[in-house]
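Subject: Structure for your review

Dear colleague,

Please find below the structure that I am handing over to you. My findings follow it, arranged by topic.

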Amino acid sequence: MRDLVSILDGNTFLVSDKRGDIEPSYDFPTGLFSFDTRFLSKWVVTLNGERLHALSVDDAESYRTKFFLAPGEPTHYLDAKASVIRSRAIVGSFEEELTVLNHTGTEVEFTVRIDIGADFADLFEIKHPQQKRGRTTVSVSENQLRLTYRREAFHRETRISTSAPAQVDADGMTFRIRIARNSTWTTRLRVSSVVYGARGEDIRDTLPFGGSRSANAIRAEQQELIDRAPKLGCDCQPLAGAYRRSLNDLAALRYESIALGVRLIAAGLPWFMTLFGRDSIITSLQVLPFLPELIPPTILMLAGLQGHRVDDFRDEEPGKILHELRYGETAGFEEQPHSPYYGSADSTPLFIILIDEYEQWTGDDALVRKLEPQVRAALEWIDTYGDLLGTGYLWYQTRNPDTGLQNQCWKDSWDAISYADGQMPSFPRATCELQGYAYDAKIRAARLARTFWNDPEYADKLERDAADLKRRFNRDFWIADRGYYALALDADGRQVDALTSNIGHLLWSGIVDDSRAGKVVEHLLGPRLFSGWGVRTLAEDEGRYNPIGYHVGTVWPFDNSIIAWGLWRYGFRDEAGVICDAMLAASRYFDGRLPEAFAGYARDLTDYPVEYPTACSPQAWSTGTPLLLLRVMLGLEPQGEHLIIDPAVPPGMGRVELLDIPGRWGMVDALGRSRGPQDQPGGG
C-alpha cells in the first residue's frame with residue numbers, strides 16, 4: 001500500500017497519508033490544493049484521542065477514495081472495538097463522509113476530533129519555504145469553521161462545514177457521540193476552497209465546470225471522453241491496462257483555465273497541475289490520434305499567450321511560447337516570474353510541430369490558416385532571439401539570473417547538462433535536441449506555407465534553412481571517435497560530450513544523417529543507456545550519472561516514447577518494439593500508470609522498476625506514453641487522405657487491434673490496415 005494517496009478533479013487535488021490524514025509539510029505537497037494554493041495543510045482524525053491506522057484503501061477512481069481504519073496500533077486490530085470509514089471525493093469542493101462503527105454489544109460513547117489547519121502556502125513556497133506576508137484570520141460559527149487569508153488584493157478562503165452537531169474551535173471540530181450496540185454514526189464534512197476575484201466572487205464560478213458537481217456528473221463526463229477514444233483489443237494485458245489507465249488519467253487531469261475558461265490538461269500531480277508549454281505540447285502529440293478534440297484548446301491558449309515584448313523577468317521575447325503559467329501568490333506578487341513564464345527554448349519549435357501534426361491528423365486547415373501570424377512569429381523567434389550567438393543554432397540563457405531557469409531544455413534541472421567528466425558548460429548552451437526540433441519545425445512550416453498560406457517562396461526559404469541546419473549540425477555535433485552526437489555545444493562552440501537519451505529525440509526530428517542512424521541506435525539500446533526497463537537519461541559511466549538523479553540517470557517514460565517514435569521513423573522497427581516492450585513491462589509494476597520517472601538501475605539488479613521518490617503521478621506526458629507506444633506498434637502515420645501502416649509490434653505481443661480512430665480513415669483492423677466505409681459494418 002502506498003504511503004501517500006491522492007485524488008483529483010482538474011487542478012484541484014488532495015494528497016494525504018494512507019490513513020487519510022494531512023499534516024503540515026514543507027517536504028512534499030500534502031494537503032488540499034487548487035490553482036497553486038494549499039487550502040488545507042492539516043486534517044487529522046482521532047478517535048478517543050488515538051490516531052487511526054489503515055486497514056485498507058480503495059482508490060480505484062481518480063476523484064474519490066475510501067479508507068478503512070482502526071484506532072490504536074496494528075497489534076490491537078484483532079479485538080478492535082470500533083473502526084472508522086472515511087469516504088472522500090473532489091467534486092468541485094472536497095467532501096468527506098466520516099463513519100464510526102461500534103463493534104461491541106453495548107452502547108458506547110466516543111469523542112471524534114478533527115484537527116484542521118490552512119497555511120495557504122503557494123506551491124513554490126513548499127519547495128522553498130518563506131515567511132508568509134499576508135494575514136490569516138479564523139471565524140467560528142455553528143458547525144462551521146472559516147479560515148481566511150489576505151495579502152492586499154490576494155484573497156483566499158477555506159470553509160469547513162459539518163452535517164452533525166460539533167464543538168467548533170479555531171483549530172478544528174470535536175464530536176461527542178453515543179453509538180448504540182453494533183451501530184454507526186456518520187457526519188458529512190464539506191471543505192470549500194474560495195479563490196476570490198476583484199469583485200469579491202469566486203472566479204471559478206464563472207467557468208462552465210467551476211462550481212461543485214456531483215460524483216455522478218464527474219463520472220459521466222470522464223466516461224464520455226473515454227468512450228470517444230478508439231477501442232483497443234489486444235492479447236497483451238499490460239498494454240490493455242496501461243491504455244485504459246491512460247484514458248482515465250487524461251480525463252481526470254483536465255482543468256479549466258481561469259485565463260480563457262477552456263479545458264486544458266494539467267501537466268502532473270502534485271507539482272505541475274497547470275499549463276506547461278513543453279509538457280502540454282508533447283502530451284498533445286502523444287494523444288492526438290486518439291482524442292484530437294482535446295488539442296485545439298491547448299494550441300489556442302499557447303497562441304493567445306505567445307510572447308510579444310522583451311521582459312527580462314519573465315524571459316519573454318516576441319514570438320516565444322510560454323513555459324509555465326501559475327495562479328498562486330508568488331506569481332501574483334512577482335516573487336516568481338510565472339504569470340506566465342517563458343523560460344523554455346523548446347516550446348516554440350514544438351508549438352509549430354504540433355500545429356502541423358494536428359492538421360495532418362484532422363484536416364483542420366481553418367486553424368492552420370488562423371494561426372499563420374503566430375507560426376511566423378515563432379519561426380522569427382527561432383532565427384533571432386533564439387540564436388543568441390548568431391551561429392544559426394538555437395541557444396538558451398536566462399535573462400533572469402535570480403529566479404529564472406538555468407537550463408531551458410526538457411532536462412531543466414541545474415545539473416542536467418554536463419560534459420562526460422561531470423563538469424558543467426558555460427552559458428549560453430545549445431542542446432542537440434533543440435536543433436532537431438528547429439529543423440523539424442522549419443520542414444513542417446514549409447508544408448504549411450506552401451499548402452495553406454499561398455507562400456511558396458517562404459516555403460522554399462524554410463526548406464533551404466532546414467537543409468543548411470542539418471548539414472551544419474551533422475558537422476558540429478557529431479563526435480566521430482565515439483559514434484554519437486554531443487549533448488550540446490557550449491558558449492565557445494565546443495562539444496558537451498556526455499552520452500544521453502537526447503540523441504533519440506534527434507531521430508524523431510529527422511535531423512540525423514541516414515548513415516549515422518545505426519550508430520545512434522546502437523548507443524540507445526546498448527548497456528550504457530538502456531537499463532532493460534528503458535533508456536536512461538544519462539549513460540551509466542558518465543561523470544554525473546546517478547540512477548536516482550532527476551535528469552542524470554533515471555528513466556523517463558515520455559522520453560522513451562519519443563525515442564521509440566524516432567526509431568520507427570528511421571526504419572528500426574524491431575528496436576522500437578524493444579522500447580515499447582520495456583515500457584509496458586514496467587507499467588505492470590505501477591498499476592498501469594507510468595510515473596514521471598523511475599530509477600535507472602539495470603534490470604538484472606532488480607525484479608521491478610524502482611520508484612523515484614518524488615515523481616509526479618499521474619503526469620500528463622507519462623499518461624500519454626502508452627498511447628504513443630501503441631501508435632508506434634501499429635505504425636500509424638498520417639499522409640494526406642491516407643493512413644500509413646507499418647507495424648513495430650514486439651514479439652510475443654499477440655493481437656493488437658484498434659478500432660474507430662477519429663479522423664479521415666475509418667477503422668483500423670487487427671493488422672493495422674485502414675478500412676474504408678465499404679469494409680465497415682453496414683457499409684456499401
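In helix 10 (residues 432-451), C432, E433, G436, Y437, Y439 and D440 meet N502, H505, L506, W508 and S509 of helix 12 (residues 502-509), where contact means heavy atoms within 4.5 Å. Helices here are DSSP runs of H or I with at least four residues, and strands are runs of E with at least two, both numbered from the N terminus. The model is a predicted one, in which local features need pLDDT of at least 70 and side-chain atom pairs count only at pLDDT 80 or more, whereas totals for chains, interfaces and linings use all residues. Residues are numbered from 1 along each chain as its sequence is written, and side-chain values use heavy atoms, with hydrogens and water left out.

The axes of helix 10 and helix 12 cross at roughly 10° and come within 8 Å; axes are lines fitted to C-alpha atoms, for helices over the stretch in contact, and angles run from 0 to 180 degrees between N-to-C directions. Helix 10 is therefore roughly parallel to helix 12 (angles under 35 degrees count as roughly parallel, over 145 as roughly antiparallel, 65 to 115 as roughly perpendicular and the rest as oblique). By class, the residues of this contact are five nonpolar, four polar and two charged. Ala, Val, Leu, Ile, Met, Phe, Trp, Tyr, Cys and Pro count as nonpolar, Asp, Glu, Lys and Arg as charged, and the others, Gly among them, as polar.

Helix 12 is largely enclosed by the rest of the structure, because eight of its eight residues are buried (under 20% relative accessible area; exposed is over 50% and partly exposed in between, with a 1.4 Å probe and protein chains only). The buried residues of helix 12 are N502, I503, G504, H505, L506, L507, W508 and S509. Just after helix 12, G510 has a positive phi of about 90°.

Helix 4 contributes L285, Q286 and V287, which meet T625, L627, L628 and R631 of helix 17. This contact of helix 4 with helix 17 has four nonpolar, two polar and one charged residues.

I turn next to the charged pairs. The structure holds 63 salt bridges, each being a side-chain nitrogen of Lys or Arg within 4 Å of a carboxyl oxygen of Asp or Glu. R278 and D346 form one of them, with the closest N and O atoms 2.6 Å apart. R278 is buried at 2% relative accessibility, and D346 is buried at 1%.

E221 and R263 form another salt bridge, in which the closest N and O atoms are 2.7 Å apart. This pair links distant parts of the chain, with E221 in helix 2 (residues 215-228) and R263 in strand 19 (residues 263-265), 42 residues apart. E221 is buried, with a relative accessible area of 15%, and R263 is buried as well, at 19%.

The side chains of K132 and E125 also meet in a salt bridge, at 3.1 Å from N to O. K132 is buried at 18% relative accessible area, and E125 is buried at 3%.

The backbone has several further features. Most residues other than glycine have a negative phi, and most peptide bonds are trans. The peptide bond from S339 to P340 is cis, with omega near -5°, and P340 lies in the loop between helix 6 and helix 7. The bond from S617 to P618 is also cis, with omega near 0°; P618 is in the loop between helix 15 (573-587) and helix 16 (620-623).

D36 has a positive phi, near 75°, in the loop between strand 3 (31-34) and strand 4 (37-40), and D36 is buried at 7% relative accessibility. The phi of N454 is likewise positive, near 55°. N454 sits in the loop between helix 10 and helix 11 (456-476) and is exposed, with a relative accessible area of 70%.

Yours sincerely
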